[in-house]
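Below is a short briefing on a structure, for reading alongside the sequence. Points are grouped by topic.

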Amino acid sequence: MSLATLTKDWAATSYGFLDASAKRELRRKMLKAIAVPGCQMPYASREVPMARGWGTGGLQVTLTLVNPNSVVKVIDQGADDGVNAASIRRFISRVSGASETWDTLEATIVQSRHRVPEEIMRENQVLVLQVPNPEPLRGVEPNISIARQMHADADYGKLWLTLYEQIVRKGRIMQGAAYPSMVNGRHVMTPSPIPRWDVPKLNMSKHLTILSAGREKRLYAVPPYTRVEPLVFSDRPYLVEDHAALTCRRSGVSGFFMNELPQDGGGSVFEVSDSNLGIKAIDCADGAPDAIGDTWYRNGEFSA
Amino acid sequence: MLTVAPPDRLESRSNLTFEALMWALSRPGDVRSLPEAGFESILETLVDIECTAFADTPALRARIVASGATLADRIATADHVFVSTIESAEIAEINCGSALYPDDGATLVAAVPHEGQRLRLTGPGINGLIEVRLALPPGFWAMRELLCSYPEGFDCFFVDGASVIGIPRSTKVEVL
């Protein structure tokens, strides 16, 4: 063994920004996360040129997966053109040479904050979700050591209790986003703050989902064809947001998750949250060929 | 304007290897291709100074030492285990982690021909069921069943040349 075999040539930057040891750690942890679906795996969470809490967890996973042939889509609440999404996408392509896209069907890696695209993702796509709070038990157990023990014991009684209390107090389950869901019948995870509308898209999906919380330094995964069941009582069916009858005022599509825009003088109008779906619908109306792929929801009903 | 340095050879190989391993583990039973035959690309993708690794060949032991990882003298203390022949009695002491820390469970990388015994796999990552052939010594799967008390357990990569099949602890294996 010589010094030359232990060192490598000088380079101004590492490919994909993260250094090799950071990537090896993430790779080890991602494999363990896939092996135990829904179980939170701790990792070191390196510094990236972005504030913690702005998607650094998702960014680190994407930077580990990315190569020059990747096609990256980044969305923030469904929109490709949000400041956060655009900056992350530009950063990824600058440090890796990967292509950028707005089209869910073209992407190989979709990094998302708080939404799952409306078009069905394929077998070879990876969905990377940014997670602010990975611990579903935080609301009922602030001590993370005890929460870890509760996960080890599959002791989720307190989560059921919060859902029960919401029904007793309000008459319905008030949990709007980050709905606690049982993965592979064993670990309860928070699916990141995606709306209830999006949780069924993770159940028995074709794509791989990796959820990563940079500030909290944990990642977990939902492999393809894995059961993801929202916690519900047998006599209270799981309800998604009541958006089936709403129509987007710009693109005219209906039956998808909408953003509500309150109007002066009361009332609201709606715009489709998955902005690229709206763009495709507008292009189609303008005479371009219909580029919208199969969607998880058809006529407002989940049907995949 | 910043220009992107292309990935060096190590990074390209690690990226390809990880992609093969990730999809192999995400879809148990699917055969994925490593960029090159053998364990070396897997070792350089996963093992570094933070790991304790075991290998049963001198060449791989030298690679482990060069990677900075601690060389384990027994399988029990290793978090990454590279074996060219499976001795069930030795594998039986592999680290399976705990319910508190399932990520402590070891990764087993073994040279196993993708032929012989028919197995039926079910579980996460598999749409219904899938059948594979793996030439493992009799008793291996019974031992795995005994050790892997989900979420405790160990995760396997069975390498045949440049092909790899992943079987995570979450997979149920039925010997046909």
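How far apart do the C-alpha centres of domain 1 of chain A and domain 2 of chain A lie? They lie 24 Å apart, in a predicted model where local features need pLDDT of at least 70, side-chain atom pairs count only at pLDDT 80 or more, and totals for chains, interfaces and linings use all residues. Residues are numbered from 1 along each chain as its sequence is written, while chains are lettered from A and ligands numbered from 1 in the order in which they are written.

**Confidence**
- The model has an ipTM of 0.96 and a pTM of 0.95.
- In chain B the average pLDDT is 94, and 98% of the residues score at least 70; pLDDT is the predictor's confidence in each residue, from 0 to 100.

**Domains of chain A**
- Domain 1 covers 20-230 and domain 2 covers 258-302 of chain A; these bounds come from an automatic or database domain assignment.
- Domain 1 of chain A puts 16 residues into the contact and domain 2 of chain A puts in 12 residues, two residues being in contact if their C-beta atoms, placed from the backbone, lie within 7 Å.
- On the side of domain 1 of chain A that touches domain 2 of chain A there are six nonpolar, three polar and seven charged residues (Ala, Val, Leu, Ile, Met, Phe, Trp, Tyr, Cys and Pro count as nonpolar, Asp, Glu, Lys and Arg as charged, and the others, Gly among them, as polar).

**Seven-stranded sheet of chain A**
- The strand order in this open sheet of chain A is S1-S9-S8-S5-S4-S2-S3, with mixed pairing; two strands pair if DSSP finds at least two bridges between them.
- Helices (H or I, at least four residues) and strands (E, at least two) are DSSP runs, numbered from the N terminus.
- At the edges are strand S1 (41-42) and strand S3 (99-100) of chain A, each of which pairs on one side only.
- Five bridges link strand S2 (residues 71-76) of chain A to strand S4 (residues 109-113) of chain A in the parallel sense, and Asp76(A) has Arg113(A) as its bridge partner in S4(A).
- H3(A) packs on this sheet and touches S2, S4, strand S5 (126-130), strand S8 (208-213) and strand S9 (218-222) of chain A.
- The direction of H3(A) makes about 155 degrees with that of S5(A); axes are lines fitted to C-alpha atoms, for helices over the stretch in contact, and angles run from 0 to 180 degrees between N-to-C directions.

**Helix pair in chain A**
- Helix H2 (residues 20-35) and helix H3 (residues 56-65) of chain A pack at about 100 degrees, with axes 10 Å apart.
- H2(A) is therefore roughly perpendicular to H3(A) (65 to 115 degrees; under 35 counts as roughly parallel, over 145 as roughly antiparallel and the rest as oblique).
- Lys23(A), Leu26(A) and Arg27(A) of H2(A) meet Gln60(A), Val61(A) and Thr64(A) of H3(A) in this contact.

**Three-stranded sheet of chain A**
- A second open sheet runs S7-S6-S10 in chain A, with antiparallel pairing.
- Strand S7 (187-189) and strand S10 (228-230) of chain A each have a single partner strand, so one side of each lacks a neighbour in the sheet.
- Three bridges connect strand S6 (residues 181-183) of chain A with S7(A), and Val183(A) has His187(A) as its bridge partner in S7(A).

**Contact between the chains**
- Chain B supplies 34 residues and chain A supplies 38 residues.
- On the chain B side, H1(B) gives the most, with seven residues.
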